[in-house]
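Dear colleague,

I am handing over the structure we spoke about, and I would be glad if you read it alongside my notes below.

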Amino acid sequence: MKAVISPCPNPRNDRALARILPLDARKFETAHRLYLQDRFEESVLVIGDALERLETTGTTVSRRGAREGVILLAKNLQELGKHDDCRTTLQTAMLRGIIEEDDPHAAAIELGILVHEGRYGEAVVIADRYIAKYSGRSTLLLGEFLFLRGSAHFFSGRVAEARSDCEAAHSLFAVLKVPRQQARTSNFLGILLFQQSRYPECIDWFQKSLTNHEELGLAVKAADNFQNIGVACYKLGRYREAHANLSAVLEIDGITPARLCRAKIALGNVCRL
């Protein structure tokens with residue numbers, strides 16, 4: 001995928017000549033709604049079209065009009081694992097003056113990619129800087145940086161630090177009433193505790209994540225929660241609960257063959273007992 005925002009040879013002069021042309025609000029709202037529904041490919045098409053339309057008018061995309069669109073496009077590309085395209089989109093937008101080089105939303109996206117790439121030390125350094133900047137403020141960005149630093153700590157084997165950061169992030173997300181972020185953080189804490197064989201505690205966190213995902217209508221992510229709860233119940237010898245939760249996975253439409261296979265294998269283990 002090519003960068004939706006095309007580079008210009010002289011960004012400074014290009015910006016000086018730019019007219020203010022706001023992004024299509026309806027397209028942005030549609031793309032944002034699709035993003036929240038985990039329909040990332042569709043969201044890319046909608047927001048990409050809105051940004052493309054600005055380009056094809058022959059008018060430079062204004063920072064005021066397109067910043068949110070670029071960030072949304074980058075978030076979708078990150079979710080799809082298209083990290084090179086994501087970085088190209090952000091870097092080009094910076095060259096065009098649409099977003100600042102130290103934009104915190106762009107930094108959070110880059111931080112998530114660094115964690116995915118296993119560059120945990122770099123991720124922690126970036127997160128530390130932004131956490132210090134937003135410390136004392138109840139903002140969504142602070143929660144994001146705490147969660148991402150916690151993720152980096154977890155994959156580095158620093159479990160206590162990971163749990164502390166993620167619990168702080170979850171508390172902040174709860175105060176801000178952002179169930180999508182609550183669900184993600186709850187599930188992560190459940191996985192962290194599962195790996196420590198703390199099954200009753202991890203079930204509580206998985207259940208919190210499941211409640212959020214069901215409220216949001218994210219059935220596929222709810223399927224992961226049912227799977228995790230079922231396996232944890234199996235570990236505790238709570239076989240009826242394990243069977244009920246694993247069976248629930250099979251009733252959900254749209255899950256991938258791999259998810260379906262894992263659920264059937266786990267359910268088969270329960271049924272043999």
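What follows is a short account of its aromatic rings and of charges placed over rings.

This is a predicted model, in which local features need pLDDT of at least 70 and side-chain atom pairs count only at pLDDT 80 or more, while totals for chains, interfaces and linings use all residues. Residues are numbered from 1 along each chain as its sequence is written, and side-chain values use heavy atoms, with hydrogens and water left out.

Rings of Phe, Tyr and Trp (its six-membered ring) count as a pair if their centres lie within 6.5 Å, and a pair is called stacked when the planes are under 30 degrees apart, edge-to-face when they are over 60, and tilted for the rest. This rule gives nine aromatic pairs. One of them joins Phe155 and Phe188, whose ring centres are 6.2 Å apart with planes at 80 degrees, so the pair is edge-to-face. Phe155 is partly exposed at 45% relative accessibility, whereas Phe188 is buried at 11% (buried means under 20% relative accessible area, exposed over 50%, and partly exposed in between, with a 1.4 Å probe and protein chains only). Ring pairs also link Phe155 and Phe188 into a cluster with Tyr120, Phe147 and Phe154.

A charge sits over a ring if NZ of Lys or CZ of Arg is within 6 Å of the ring centre and within 35 degrees of the ring normal. The charged end of Arg180 is placed in this way over the ring of Tyr35, 4.9 Å from its centre, and Lys208 lies over the face of Trp205, at 4.1 Å from the ring centre.

With kind regards
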